[in-house]
There are 2 protein chains.
Amino acid sequence: MKRRLLLVSNSTLHGAGGYLGHCQQQIQEFFGEQVKRILFVPYALHDRDSYAKTAREKLQSLGYEVDSIHEAVDPVEAVRKAQGIFIGGGNTFRLLKTLYDNKLVSEIQKRVLQDGIPYMGSSAGTNVATVSINTTNDMPIVYPPTLTAMGLVPFNINPHYLDTNPDSKHMGETREQRIRQYHEEPDAPSVLGLREGSMLLVEGNRATLLGSTKARLFSRGKPATEHEPGSDLSFLLTDGV
Amino acid sequence: MKRRLLLVSNSTLHGAGGYLGHCQQQIQEFFGEQVKRILFVPYALHDRDSYAKTAREKLQSLGYEVDSIHEAVDPVEAVRKAQGIFIGGGNTFRLLKTLYDNKLVSEIQKRVLQDGIPYMGSSAGTNVATVSINTTNDMPIVYPPTLTAMGLVPFNINPHYLDTNPDSKHMGETREQRIRQYHEEPDAPSVLGLREGSMLLVEGNRATLLGSTKARLFSRGKPATEHEPGSDLSFLLTDGV
């Protein structure tokens, strides 16, 4: 399988150089020198012009030209011609709904899984690359036609994974409790909790944790496990984990 | 309109006497002495038996017998015969889906809005009483047939409303940012952010904020406003706010 993915937890890391600052080296290694133009998908935020400007400025500084899909006359055609894709963060429900509304889900799947163009996602853009958006943190501000996402990997991710604060007096469910509730439902796949600062590199059937923070893995009926940056997580790419 | 609702932000308040401890006086004033039996709806949690036991013990201590709907042969018939209803918290998506699966939405609407039986909700049980669950904090662990809820009031609520922590290094959206994103969508109604410790009492066309904390109100295109316990919020019951 040609699949190449860079699935980032968060676009901006506290104190790490602004938008995409903490992962710029990994971005350059991922897209390399063969990709000249990246197709940016700003659908997760309301102000697409402003969002495209932010992404364009940053990626230009790394040596890439950016086409924003919201400026394309035909978004499906834009995906067909793309050398590489970057879907940015924001609201995951809004993003997934717009991908379906514009008939882009199967087209992106085809380009990434069959043609092997590199796909980078951040936050919501990482959620939509997985089995489903069942483990997003976002508010359901719109109703997508399904929670099933692009399935570029056979598990789910929880971006911005947050450890329980033992001093908190807030009684809302912790992140871990929320993921455990998901695993009370039948057929729920594993969930990789990517803390801010971490990202997953997938190349074919090999998956590696990159970045500066550990990831926490939740599987149905098993204790959670911790994984250090640099860990080989290829076992997650086997269906049915 | 006969409507009587007690919409509580949270079932358990830190340091305030355990499950429903912080609102037990309001519960007794709300259900009064005429209601002898309360129909409890435990659908938001996976372990319904355990949840019903918790609710039963607490409500019995306040003088009410509890029938849990998950023990009824015919849940619709249980709603038809109920003297009062309490829907507990947990996962809002799971709760709303189960209410639709069991054809209870229209039946509860009828009993509350036409027959005037008292309805108490806590957390997820408060979300489903409003226009929609678009402003829940919960993870979308299942896919309900719609996000439209029972519409017992013409606005939305965000339970467990949480103020922005200026010291946080976490880059996920704040609660206020999430609600603002909801208001970027067309036709989104006002959202009452009920901090933990607060609750809304609705009697006919009168709404009053009760409890120990302020509430924060968000309306599309307007600055947020703060409301003290005891405030008259009846203006929220006018459609189209």
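**The pocket and the interface**

Author: Let's start with the largest pocket. Its lining has 44 residues, and Leu162(A), Arg175(A), Leu162(B), His170(B) and Arg175(B) lie nearest its centre. Keep in mind that this is a predicted model.

Reader: What volume does the largest pocket have?
Author: About 1,200 Å³.

Reader: Which helices and strands supply at least two residues each to its lining?
Author: From chain A, helix H6 (124–127), strand E6 (156–161) and helix H7 (175–182). From chain B, helix H6 (124–127), strand E6 (156–161) and helix H7 (175–182).

Reader: How do the lining residues of the largest pocket divide into nonpolar, polar and charged?
Author: Nine are nonpolar, 25 are polar and ten are charged.

Reader: New topic. How many residues of chain B are in contact with chain A?
Author: 40 residues of chain B, and they touch 40 residues of chain A.

Reader: And how much area do chain B and chain A bury between them?
Author: About 3,500 Å². Carbon and sulfur atoms hold 57% of that buried area.

Reader: How many salt bridges are there between chain B and chain A?
Author: Six. One salt bridge joins the side chains of Arg178(B) and Asp138(A), at 3.4 Å from N to O.

Reader: How many residue pairs are in polar contact between chain B and chain A?
Author: 27, counting pairs with both residues at pLDDT 80 or more.

Reader: Which elements of chain B supply at least two residues each to the side that touches chain A?
Author: Helix H4 (92–101), E6 and H7 of chain B.

Reader: Which one gives the most?
Author: H7(B), with five residues.

Reader: Last one. What kinds of residues make up that side of chain B?
Author: The side of chain B that touches chain A has 16 nonpolar, 15 polar and nine charged residues.

Note on methods: Residues are numbered from 1 along each chain as its sequence is written. Chains are lettered from A and ligands numbered from 1 in the order in which they are written. This is a predicted model: local features need pLDDT of at least 70, side-chain atom pairs count only at pLDDT 80 or more; totals for chains, interfaces and linings use all residues. Side-chain values use heavy atoms; hydrogens and water are left out. On a 1 Å grid over the protein atoms alone, a cavity is a set of points where a 1.4 Å probe fits but cannot get out, and a pocket is an open set with protein on both sides within 12 Å along at least five of seven lines; lining residues have an atom within 4 Å of a point. Grid points are joined across faces, edges and corners, and a volume is the space filled by probe spheres set on the points. Helices (H or I, at least four residues) and strands (E, at least two) are DSSP runs, numbered from the N terminus. Ala, Val, Leu, Ile, Met, Phe, Trp, Tyr, Cys and Pro count as nonpolar, Asp, Glu, Lys and Arg as charged, and the others, Gly among them, as polar. Contact means heavy atoms within 4.5 Å. Buried area is the accessible area (1.4 Å probe) that two parts lose on being put together, summed over both. A salt bridge is a side-chain nitrogen of Lys or Arg within 4 Å of a carboxyl oxygen of Asp or Glu. A polar contact is a pair of N or O atoms within 3.5 Å; within protein, one must be able to donate a hydrogen and the other to accept it, and residues adjacent in sequence count only if both atoms are side-chain atoms.
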